[in-house]
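The sequence and the structure come first.

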Amino acid sequence: MVRHRSLFGPAALAALLVLGVGAVGLTNTNSATASSTKAAPVAAGEVGTLAASAGCGRAPGLNSGTHTIQSGGKSRSFILRVPTNYNQNNPYRLVFGFHWLGGTAVDVDTGQTVQRDVWSYYGLRQLANNTTIFVAPQGLNNGWANSGGEDVTFVDDMLRQIESNLCVETTLRFALGFSYGGGMSFALACARPNVFRAVAVYAGGQISGCSGGTGRIAYLGAHGLSDNVLSISGGRTLRDRFVTNNGCTRQNPPEPAVNSRTHITTDYSGCAAGYPVRWIAFDGGHTPSPQDGGSSYTFLPAETWQFFTQFGAGTTPTPGPTTPPPGPTTPPPGPTTPPPGGSSACRVAVNVNAWNNGLTEDITITNTGNSTINGWSLVFTLPGGQNITGGWNASYSPTSGQVTARNVSYNGTIAPGASVGIGFQATHTGNSARPSSFTLNGSTCTIA
């Protein structure tokens with residue numbers, strides 16, 4: 001494959017990233033010295049098997065900041081961000097963020113090409129809220145040519161150093177990147193599927209190689225219809241490798257129309273348990289921060305964070321209660337009254353992750369009744385100043401005040417004892433509290 005001399009110059013990239021972005025928010029429709037010789041792959045536990053790193057239980061041997069190691073006979077560097085409330089006995093999720101060609105580790109770490117701090121690690125660091133260790137590696141010549149596999153070896157060496165000095169949950173390693181950084185994340189999916197739990201490839205191509213490429217790994221791909229740097233057809237090819245590897249049902253997922261200024265998220269059906277594939281096609285070009293028309297927020301950070309955080313330590317995740325058919329993650333709002341059926345006795349668990357002017361809220365609805373619920377509406381009132389900017393696994397209307405969250409096509413049925421997970425992204429003006437009460441199909445739920 002012909003290697004582009006430059007996917008982006010720094011100025012061009014900054015212009016593309018900023019284009020159409022005001023105050024970047026996060027929304028969603030639907031985190032010692034290594035050997036200088038070539039390292040063997042870092043071992044990882046089986047999917048769902050708790051595996052704390054050697055650094056657990058010890059005083060931290062690394063701090064936030066820039067670190068330099070020897071890898072493959074070369075001096076290599078990376079930026080590390082350790083939670084400010086780091087606990088040496090708590091195994092942390094580990095997320096690698098790879099820069100684009102012409103970008104730098106500093107760009108990824110600071111988010112300065114879009115909005116400083118808000119866009120740190122493609123927007124994920126703010127969402128993580130001190131629950132995740134982040135790494136921004138620096139590529140040779142500001143790229144990821146991965147000649148002879150040297151960048152994969154660099155990742156092995158970083159993992160070895162980080163995990164011997166910090167407490168990491170080794171079944172929760174993730175990688176993401178844009179453009180050349182997406183290509184590098186894809187290369188890791190090919191070469192280290194038993195090391196990383198999932199990858200997110202934004203506007204990527206097979207430009208960093210694909211050694212191996214037959215293993216299973218959870219895979220998220222996002223690509224613009226009019227990408228004139230790395231075409232969406234190439235992104236589809238990357239995706240389809242893991243559709244096959246993960247045993248998913250092959251399909252041609254729907255994509256938005258040109259000039260529609262929308263995106264469509266498809267979660268593939270039939271994938272092996274714990275190995276989902278998600279495809280996000282959007283009407284746009286070569287950018288890691290696409291927006292739908294009329295929105296001042298980019299949907300990719302929350303989509304990616306939800307995809308990564310579905311994997312919990314000690315459990316084998318599945319794509320969801322049922323697998324959605326192809327189509328938009330959030331369909332148009334349905335009728336105010338859901339289809340009748342079943343008991344609406346319920347319990348709701350809520351987890352709020354807030355920062356200075358925004359939050360995400362994950363809601364788990366459990367059917368505590370004795371019969372199946374067929375079609376549901378969950379009603380709650382947002383505290384003053386909160387406004388929903390997007391959500392997943394439900395449609396939300398209106399976006400402030402008393403809100404009704406309605407099931408989408410693939411999660412309207414809740415069997416007795418079963419649960420459905422939904423959530424939303426919102427802005428706030430200082431009050432980030434959760435709603436004080438919830439009703440499901442008119443019945444008050446208990447709050448866990």
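This is a predicted model: local features need pLDDT of at least 70, side-chain atom pairs count only at pLDDT 80 or more; totals for chains, interfaces and linings use all residues.

Residues are numbered from 1 along each chain as its sequence is written, and side-chain values use heavy atoms, with hydrogens and water left out.

## Disulfides

A disulfide is a covalent bond between the sulfur atoms of two cysteines. With a disulfide taken as a pair of cysteine sulfur atoms within 2.5 Å, the count comes to four. Counting bonded cysteines along the chain, the pattern is 1-2, 3-4, 5-6, 7-8. The table gives some of these links.

| Disulfide | S to S distance | S-S torsion and hand |
|---|---|---|
| Cysteine 190 – cysteine 210 | 2.1 Å | -90 degrees, left-handed |
| Cysteine 248 – cysteine 271 | 2.0 Å | about 110 degrees, right-handed |
| Cysteine 346 – cysteine 445 | 1.8 Å | about -95 degrees, left-handed |

Secondary structure elements here are DSSP runs, numbered from the N terminus: helices (H or I) have at least four residues and strands (E) at least two. For burial, the cut-offs on relative accessible area are under 20% for buried and over 50% for exposed, with partly exposed in between (1.4 Å probe, protein chains only). Cysteine 190 is buried at 3%, and cysteine 210 is buried at 19%.

Cysteine 248 sits in the loop between α6 and β8 (263–267), and its partner cysteine 271 in the loop between β8 and β9 (277–282); the two are 23 residues apart. Cysteine 248 counts as buried at 8% relative accessibility, as does cysteine 271 with a relative accessible area of 11%.

Cysteine 346 is buried at 4% relative accessibility, and cysteine 445 is buried at 7%.

## Aromatic contacts

Rings of Phe, Tyr and Trp (its six-membered ring) pair if their centres lie within 6.5 Å; planes under 30 degrees apart count as stacked, over 60 as edge-to-face and the rest as tilted. By this rule there are 18 aromatic pairs. One of them is edge-to-face: phenylalanine 96 and phenylalanine 196 lie 5.8 Å centre to centre, with 75 degrees between the planes. Phenylalanine 96 is in strand β3 (residues 92–98) and phenylalanine 196 in the loop between α5 (180–191) and β6 (198–202), so the pair ties together parts that are 100 residues apart in sequence. Both phenylalanine 96 and phenylalanine 196 are buried.

Tyrosine 219 and phenylalanine 242 form a stacked pair, 5.2 Å centre to centre and with 15 degrees between the planes. Tyrosine 219 is in strand β7 (residues 218–224) and phenylalanine 242 in helix α6 (residues 232–245), 23 residues apart. Tyrosine 219 is buried, with a relative accessible area of 1%, and phenylalanine 242 is buried at 0%.

Ring pairs also link Trp100, Trp119, Tyr122, Phe178 and Tyr202 into a cluster.

A charge sits over a ring if NZ of Lys or CZ of Arg is within 6 Å of the ring centre and within 35 degrees of the ring normal. Arginine 197 lies over the face of tyrosine 275, at 5.3 Å from the ring centre, and arginine 239 over that of tryptophan 279, at 4.7 Å.

## Strands and a helix

Two strands pair if DSSP finds at least two bridges between them. Strand β13 (residues 377–381) runs antiparallel to strand β16 (residues 402–406) over five bridges, and three bridges join β13 to strand β19 (residues 438–440), also antiparallel. Leucine 378 stands opposite alanine 405 in β16, and its bridge partner in β19 is leucine 440.

Strand β14 (residues 387–392) has five of its six residues buried. Five bridges join β14 to the antiparallel strand β18 (residues 419–427), where glutamine 425 is the bridge partner of glycine 390.

In helix α4 (residues 150–165), 13 of the 16 residues are buried, so the helix is largely enclosed by the rest of the structure.
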